[in-house]
Amino acid sequence: MRTRARIAALALLLFLVSVAPAGGLDIVDQEWDLVALVNRSRFDAGLEPLVVRADVRAIARTWSATMAATGHLAHNRQVFSQVRAVIPSANAVGENVARASDAARVHQLWTESAPHHANMLGGFRYLGAGAAGELWATAVFVGAPAGLPGITRVPVRRLAGADAIDTALVVSRATVADRAADALVVARADHFADALVGAPLAGANGGPVLLAARDGVRDAVVREARRVLRSTGTIYLMGGPGALSPALEAAFAAQGLRTQRVAGMDRYQTAVKAAALLAPAPATVLLASGEAFPDALSAGVPAAVHRMPVLLTGRDALPPPTVAYLEAHRAARRVVVGGPAAVSEAVARRAGAAERVAGSNRYATAVRVAQRWFPSPGGVWAATGERHQDALVGVPAAARSRQPLLLLPPAGERTLYDYSRQVLRGLGQATAVGGPAGVREPVLSLLFN
């Protein structure tokens with residue numbers, strides 16, 4: 001791209017004849033509405049959403065105030081140098097201006113103008129939208145390398161460490177008070193098989209999921225377990241010695257901490273053993289695939305909140321431990337989480353499922369779980385749906401908040417986008433678990449603006 005400002009020009013007359021009174025508008029709301037409309041246009045076009053930068057928004061706000069003060073619609077001839085002052089790596093800048101009744105009308109004008117529309121759908125990564133008066137609007141589009149942090153309409157707290165084990169520690173420290181947990185779970189960081197059913201067990205007991213390598217545990221993990229556990233608390237180790245070695249168990253014992261293994265012959269029997277600890281006589285059990293991690297993790301938050309055990313199954317056959325558990329708990333209502341590609345209709349029928357909660361993919365299934373058990377959330381948690389570790393440690397924290405956990409894709413996804421539009425105005429905060437390589441800033445910008 002050229003390293004100079006790309007200014008989209010539109011005849012002043014078009015804007016002026018479109019002016020309507022805008023008294024009573026909340027200017028900040030109009031700015032965010034304009035961001036949302038621009039990103040919706042990009043989403044509909046299959047393009048990456050733009051990340052909102054506070055420093056670029058300040059430039060746009062100042063120029064809108066200048067136009068409002070002078071009563072003259074014009075472009076900011078200093079915009080490129082102003083952007084380069086705050087983002088030295090900027091390599092392209094575009095600017096749209098308008099005066100109209102509200103953000104929707106501004107967006108319509110820009111959509112109907114080829115050069116302005118080209119800016120909205122251009123090869124930029126960042127955006128700042130500023131408004132003033134009745135309603136003078138400026139959008140500044142910036143091309144710069146990916147990875148710069150942004151701001152969102154709904155405040156997003158990011159909990160992330162240097163790696164998965166460290167992220168689990170960060171989440172625990174941020175969400176669990178000293179001596180507050182009756183139990184916590186330690187799971188192997190690099191395999192999900194035994195770990196999946198541990199997250200509800202941790203959440204129901206007020207504790208975190210901490211991660212470890214097979215053959216050892218970091219001193220920081222031992223210290224964190226000692227910090228959060230009550231004196232009578234238990235550390236549940238998910239899996240047998242092949243998953244978590246005796247050396248790891250000994251490290252906790254050396255600090256006077258009590259451990260208990262939750263382990264069966266396979267992941268399905270391990271799930272049954274976790275179910276017995278979570279709810280000896282459950283009213284409802286959840287059934288999810290044990291062959292992949294996403295649906296079981298989506299089920300984890302309601303499982304913890306309502307003490308509904310998560311049982312695991314194959315796609316085309318119910319494993320013997322799962323069959324035995326269901327036969328021993330005939331009165332429990334059975335709910336499948338995940339679509340037929342994960343748990344077939346034949347398996348659902350054999351399990352006696354009364355309900356299936358599922359979407360077209362892992363992200364949509366997480367949305368359906370949120371809608372089913374958390375219809376009016378005051379906040380949401382989010383983690384990448386591409387790997388299990390961040391979502392796993394997010395489950396008990398989300399459960400303590402009684403907020404759903406969304407699985408996020410690398411880019412936009414329609415069901416997730418539509419859900420965010422429905423609940424956005426009611427959210428007080430969102431929490432992202434994991435760094436920007438997993439939970440990407442453009443996806444946060446799309447969902448929480």
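Predicted model: local features only at pLDDT ≥ 70, side-chain atom pairs only at ≥ 80, totals over all residues.

Colleague: OK, and how do E7 and E8 pair, parallel or antiparallel?

Modeller: Parallel, over 4 bridges, with E7 covering residues 181-188. To get from E7 to E8 the chain passes through helix H8, residues 198-204, and that β-α-β crossover is right-handed.

Colleague: Are the faces of E8 covered or open?

Modeller: Covered on both sides. Val209 and Leu211 are buried on one side of the strand, and Leu210 and Ala212 are buried on the other.

Colleague: Nice. What about the sheet with E15 in it, which order do its strands have?

Modeller: It's an open sheet of 4 strands, ordered E6-E17-E15-E16, with parallel pairing. Strand E6 (156-159) and E16 are the edge strands, each pairing on one side only. On average, neighbouring strands there are turned by 25 degrees against each other, direction ignored.

Colleague: And how many bridges link E15 to E16?

Modeller: There are 4, again in the parallel sense, and E15 spans residues 379-384. Trp381 stands opposite Leu405 in E16.

Colleague: Switching topic: which peptide bond is cis?

Modeller: The one from Glu134 to Leu135, with omega near -25 degrees. Leu135 sits in the loop between strand E4 (126-132) and strand E5 (136-143).

Colleague: What about phi at Arg307, positive or negative?

Modeller: Positive, at about 50 degrees, although Arg307 is not a glycine. You'll find Arg307 in the loop that runs between helix H12 (294-306) and strand E12 (310-313). Arg402 has a positive phi too, about 55 degrees, and is not a glycine either. Its loop joins helix H16 (389-401) and strand E16 (405-408).

Colleague: Now the holes. How many cavities of 30 Å³ or more are there?

Modeller: Searching the whole structure turns up 5. The largest cavity holds about 50 Å³ of space.

Colleague: What lines the largest cavity?

Modeller: Val197, Pro200, Ala271, Ala274, Ala275, Leu278, Pro309 and Val310. Helix H11, residues 267-278, gives the most to that lining, with 4 residues. By type, the lining has 8 nonpolar residues, no polar and no charged.

Colleague: And how much space lies in the largest pocket?

Modeller: About 230 Å³. There are 15 residues lining the largest pocket, and the closest to its centre are Asp295, Ala341, Ala342, Asn361 and Arg362. H12 and helix H15 (362-373) are the elements that give two or more residues to that lining.

Colleague: How does the lining of the largest pocket divide into nonpolar, polar and charged?

Modeller: It has 4 nonpolar, 7 polar and 4 charged residues.

Terms used: Residues numbered from 1 in each chain as written. Heavy atoms only, no water. 1 Å grid on protein atoms, 1.4 Å probe; cavity = no way out; pocket = protein on both sides within 12 Å on 5 of 7 lines; lining within 4 Å. Points joined across faces, edges and corners; volume = space filled by probe spheres on them. Nonpolar A, V, L, I, M, F, W, Y, C, P; charged D, E, K, R; others polar. Buried < 20%, exposed > 50% of the residue type's maximum accessible area, 1.4 Å probe, protein only. Pairing = 2+ DSSP bridges. Right-handed = clockwise from strand over helix to strand, strands pointing away. Axes fitted to C-alpha atoms, helices over the stretch in contact; angles between N-to-C directions.
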